[in-house]
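Reader: I would like to go through this model one assignment at a time, asking what each label rests on. Could you set the computed values beside the cut-offs as we go?

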Amino acid sequence: MLADMTLSEMAGQVVGLIALGFCIAGFASTRDERLMGLLIGANVAFATQYALFQSWTAAALTVLVIVRIGLARRFLGSVPVMMGMLAVSAVVVVLTWQRWIDVFPTTAMLLGTIGMFMLRGIPMRLFLAGAGLAWMANNIAIGSIGATLAEGLVVVTNLVTIVRLSRMKRRYPDLDLS
């Protein structure tokens, strides 16, 4: 498989592994703000990787994910801003759609946008886990070993963090975990 890869695809594999480090550190955090900051770094790496694989819908939507993280932090709970983000995402999908696998980054963008704008704590992480599964399916389809591993570990780490948050909430019901 590696012998059949172009130099660009091999570089994409390396960048996918770099994204892995950012993702695990972010989803292992019980603090939403730290998670959001580390996700920005991960998504810069993912956007670069998708461009190297010439997966243009995924690359463009990942750039929008970076914008979304900033907007969601500033406009938490804003339905109009969320709808604007979804509208821009829809335009990007129409302009960059190449093949059937582009449904995966499109689904990931939808779940991630709703999760980040409307939810916090465990519910947000459940939506982000769903987005992670959609990104994982995309990475499998384009052949990205590093990013598939990254998203798989992100989903597992995210689920472990959900369990940790649930236990913390039971033990300390008045603790603010956002």
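Reader: Leaving aside its neighbours within four places in sequence, which residues is Thr57 in contact with?

Author: Please keep in mind that this is a predicted model. With neighbours up to four places away in sequence set aside, Thr57 is in contact with Val93, Thr96, Trp97, Gln98, Asp102, Pro105 and Thr106. Thr57 itself has its place in helix H3, and contact is understood as heavy atoms within 4.5 Å.

Reader: What makes Thr57 buried?

Author: The relative accessible area of Thr57 is 0%, and buried means under 20%; Thr57 is therefore called buried.

Reader: Why are H1 and H7 called roughly parallel?

Author: Two packed helices are described by the angle between their axes and the distance between the axes. For helix H1 (residues 7-27) and helix H7 (residues 145-171), the axes come within 7 Å and cross at roughly 5 degrees. Angles under 35 degrees count as roughly parallel, and H1 and H7 are therefore described as roughly parallel to each other.

Reader: Which residues of H1 and H7 meet, and how do they divide into nonpolar, polar and charged?

Author: On the H1 side the residues are Gln13, Gly16, Leu17, Leu20, Cys23, Ile24 and Phe27, and they meet a set in H7 that includes Ile145, Gly146, Ala147, Leu149, Ala150 and Leu153. The residues of this contact divide into eleven nonpolar, six polar and no charged, where Gly is counted among the polar ones.

Reader: How do you know that Gly26 is buried, and what does it touch?

Author: Gly26 lies in helix H1, and its relative accessibility is 1%. Since buried means under 20%, Gly26 counts as buried. Beyond its neighbours within four places in sequence, Gly26 is in contact with Leu35 and Leu38, while its C-alpha atom is separated by 8.9 Å from that of Ala42, 16 residues apart along the chain.

Reader: How many residues does the largest nonpolar core have, and which elements give two or more residues to it?

Author: The largest nonpolar core has 39 residues, and those with the most contacts inside it are Phe46, Tyr50 and Met116. Two or more residues are given to this core by each of H1, H2, H3, helix H4 (79-96), helix H5 (103-118), helix H6 (121-142) and H7. Phe46, not counting residues up to four places away in sequence, touches Ala19, Cys23, Thr62, Ala147, Ala150 and Glu151.

Reader: What makes Met85 and Met109 buried?

Author: Met85, in helix H4, has a relative accessibility of 4%, and Met109, in helix H5, has one of 2%. Buried means under 20%, so Met85 counts as buried, and so does Met109. Leaving aside neighbours within four places in sequence, Met85 is in contact with Leu64, Val67, Arg68, Leu71, Met109, Thr113 and Phe117, whereas Met109 touches Leu61, Leu64, Val65, Arg68, Met85 and Ser89. The C-alpha atoms of Met109 and Leu64 are separated by 8.6 Å, although these residues are 45 residues apart along the chain.

Reader: Asn138 and Asp176 carry polar or charged side chains; is each of them buried or exposed?

Author: Asn138 is found in helix H6 and has a relative accessible area of 0%; with buried meaning under 20%, Asn138 is therefore buried. Asp176, in the segment after H7, has a relative accessible area of 53%, and exposed means over 50%, so Asp176 is exposed.

Reader: Which residues does UniProt list for "transmembrane region", and how much helix is there over residues 75-97 and 109-128?

Author: The UniProt record, an unreviewed entry, lists residues 12-29, 50-69, 75-97, 109-128 and 140-163. In the model, residues 75-97 are 78% helix and 0% strand, with end C-alpha atoms 29 Å apart, while residues 109-128 are 90% helix and 0% strand, with end C-alpha atoms 10 Å apart.

Definitions and conventions: Residues numbered from 1 in each chain as written. Predicted model: local features only at pLDDT ≥ 70, side-chain atom pairs only at ≥ 80, totals over all residues. Heavy atoms only, no water. UniProt positions renumbered as here; feature names shortened; annotations may be inferred. Helix = DSSP H or I, 4+ residues; strand = E, 2+ residues; numbered from the N terminus. Axes fitted to C-alpha atoms, helices over the stretch in contact; angles between N-to-C directions. Parallel < 35°, antiparallel > 145°, perpendicular 65-115°, else oblique. Buried < 20%, exposed > 50% of the residue type's maximum accessible area, 1.4 Å probe, protein only. Core = buried A, V, L, I, M, F, W, Y, C linked by side-chain atoms within 4.5 Å.
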